[in-house]
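Hi,

Here is the structure you were expecting, with the sequence alongside. My notes follow below it.

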Amino acid sequence: MQNPGSTTPDRVGRFPAQARFADGAQYIAGRLRKGTSGRTHAVTDPATGEEVLTYELAGPDDVDAAVAAARAAFPAWAGATPGERSDALHRLAAVLADRAEDFARAESLQCGKPLKLTREFDVPGTIDNTAFFAGAARHLQGQSAGEYSGDHTSYVRREPLGVVGSIAPWNYPLQMAAWKILPAIAAGNTIVLKPAELTPLTSLLLAQAATEAGIPDGVINIVTGTGREAGEHLVGHPDVVMTSFTGSTAVGRRVAEIATATVKRLHLELGGKAPFVVFDDADLDAAVQGAVAGSLINTGQDCTAATRAYVQRPLYEAFVERTAALMETVRLGDPFAPGTDLGPLISHVHRDRVAAFVDRARAYARVVTGGEAPQGDLKNGAYYLPTLVTGAAQDSEIVQSEIFGPVLVVLPFDSDDEGIALANDTPYGLAASAWSRDVYRANRATREIKAGCVWVNDHIPIISEMPHGGYKASGFGKDMSAYSFEEYTQIKHVMFDNTAVVRKEWHRTVFGDR
């Protein structure tokens, strides 16, 4: 049984959401307003089941108003110099740093993340990403000019697109909002972001911080509504020129279907089922630590989380034994308690979905540890014990499907060829890791595993300077890095005649004498 963390921390100072968003949970043209759908939604603390905020959901009229505000703000923002946009983002980074504790508490409250995780990872990562794109804003470059055709000079411009419509998920609300907003506005676009209706708090705080930093009204707009009503209307809006979506592969297909009807640019970061490949020369202790941390990060609600551990047969039994033992030391508890390692899942509905995967697997596999919800003081929250499963077949549901919870499946393999083939044997390709002390073996794995990121002797860290995005059914396009920045631009070829006279010879070639 996992050791519970304290369930009765000092709750003074939790984020006062009701007071902060009394004017509504839509942020359009620089101010909060109430939604017009006629329906309300409750943000719930998943650790306790208590209501945090009830707000009016956005409807199509709110989306239209947000897009109109973004469209009106676009000419001036696109016309600002790179230095001016950079300065604004540097000011935003400073505001975020000043408000770091507010952001950390709001994120923990709406998501159930341990406060130590939001303080040390989510918020600092967002501030760093803001600083990165503040610098990137000054490097929006085309290519050097040259004479490629006679007396004509050509060069390439990179220009902003216009209004970007983005949809962010509930598992990393602050970071995912930042990953979508920052490169878009650094490049001179304006944006309408729809956060998940379960977790809108930090997206709204981010937009308010941008206004405080001097980013003009209408550059960043937030509409908080359901995917079916607000989300689909945003994706299909004729004035939105690009759609960026992070979420499940199934919903991504629907987003693509709607976006292609109006020939929008698409950026999709979709599901994952990350393999964790342990070769027989790996440091076993390091691999076990990496597997537990990599599979339980954010209670497993991470598309890059380690979900399928393939362990070469000489290490398999020891890996299973040690990983199960380490999982059993993980402390579940209140996210605001300092001793908590693992918080709840996002909701009871999602907890039941995760549990159903494990319960169905009992018919064909062995649950080594976990596999149930804790009782006692944690029974009212959406908690689920860290779970280790063995004995499943490669083609089974628990190996092939994205569970999005604290569940790790371990399978053995014999040859290196087999290990790499098994790692690639899912529709997904977002992230993976390879564990070996042999540089040649590890290098082969990084070449042959089909994923957007392959870690060696680690699993999960990300940095602002490097891209994040998938292969195969995990989508296309990159977040973070200069690669992301360029995706929010369009390329224009400019070509002009250096002779300053009409080129009648070229006209004759095409049209003949006239």
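A search of the whole structure turns up zero disulfides, a disulfide being a pair of cysteine sulfur atoms within 2.5 Å. Cys111 is in none; the nearest cysteine sulfur, in Cys303, is 14 Å away. Cys111 is also buried, at a relative accessible area of 4%. Here buried means under 20% relative accessible area, exposed means over 50%, and partly exposed is in between (1.4 Å probe, protein chains only). Cys453 has its closest cysteine sulfur in Cys303 too, at 12 Å, which is too far for a bond. Cys453 is partly exposed, with a relative accessible area of 24%.

Before the rest, the ground rules. This is a predicted model, in which local features need pLDDT of at least 70, side-chain atom pairs count only at pLDDT 80 or more, and totals for chains, interfaces and linings use all residues. Residues are numbered from 1 along each chain as its sequence is written, and side-chain values use heavy atoms, with hydrogens and water left out.

Next, the core. The largest nonpolar core has 68 residues. Such a core is a set of buried Ala, Val, Leu, Ile, Met, Phe, Trp, Tyr and Cys residues joined through side-chain atoms within 4.5 Å. Leu92, Ile185, Ile215 and Ile220 have the most contacts inside it. Helix α6 (residues 173-186) gives the largest share of this core, 10 residues. Helices (H or I, at least four residues) and strands (E, at least two) are DSSP runs, numbered from the N terminus. What does Leu92 touch, not counting residues up to four places away in sequence? The list is Thr130, Leu182, Leu206, Ala209, Ala210, Ala213 and Ile215. Contact means heavy atoms within 4.5 Å.

Now a helix pair. Helix α2 (residues 60-79) packs against helix α8 (residues 227-236) at about 35 degrees, with the axes 9 Å apart. Axes are lines fitted to C-alpha atoms, for helices over the stretch in contact, and angles run from 0 to 180 degrees between N-to-C directions. From α2, Pro60, Val63, Asp64 and Val67 meet Glu229, Ala230, His233 and Leu234 of α8. The residues of this contact divide into five nonpolar, one polar and two charged. In that count, Ala, Val, Leu, Ile, Met, Phe, Trp, Tyr, Cys and Pro are nonpolar, Asp, Glu, Lys and Arg are charged, and the others, Gly among them, are polar.

Two backbone points to check on screen. Thr299 has a positive phi of about 55 degrees although it is not a glycine. Thr299 sits in the loop between α10 (284-296) and β13 (306-312), and is buried at 4% relative accessibility. Ser481, also not a glycine, has a positive phi of about 70 degrees. Ser481 lies in helix α16 (residues 481-487). At 0% relative accessibility, Ser481 is buried.

Lys472 touches Asn424, Thr426, Pro427, Tyr428, Gly429 and Lys450, leaving out residues up to four places away in sequence. Ser144 belongs to strand β5 (residues 143-149) and is exposed at 61% relative accessibility. Ser144 and Val156 are 12 residues apart along the chain, and their C-alpha atoms are separated by 7.5 Å.

Best wishes
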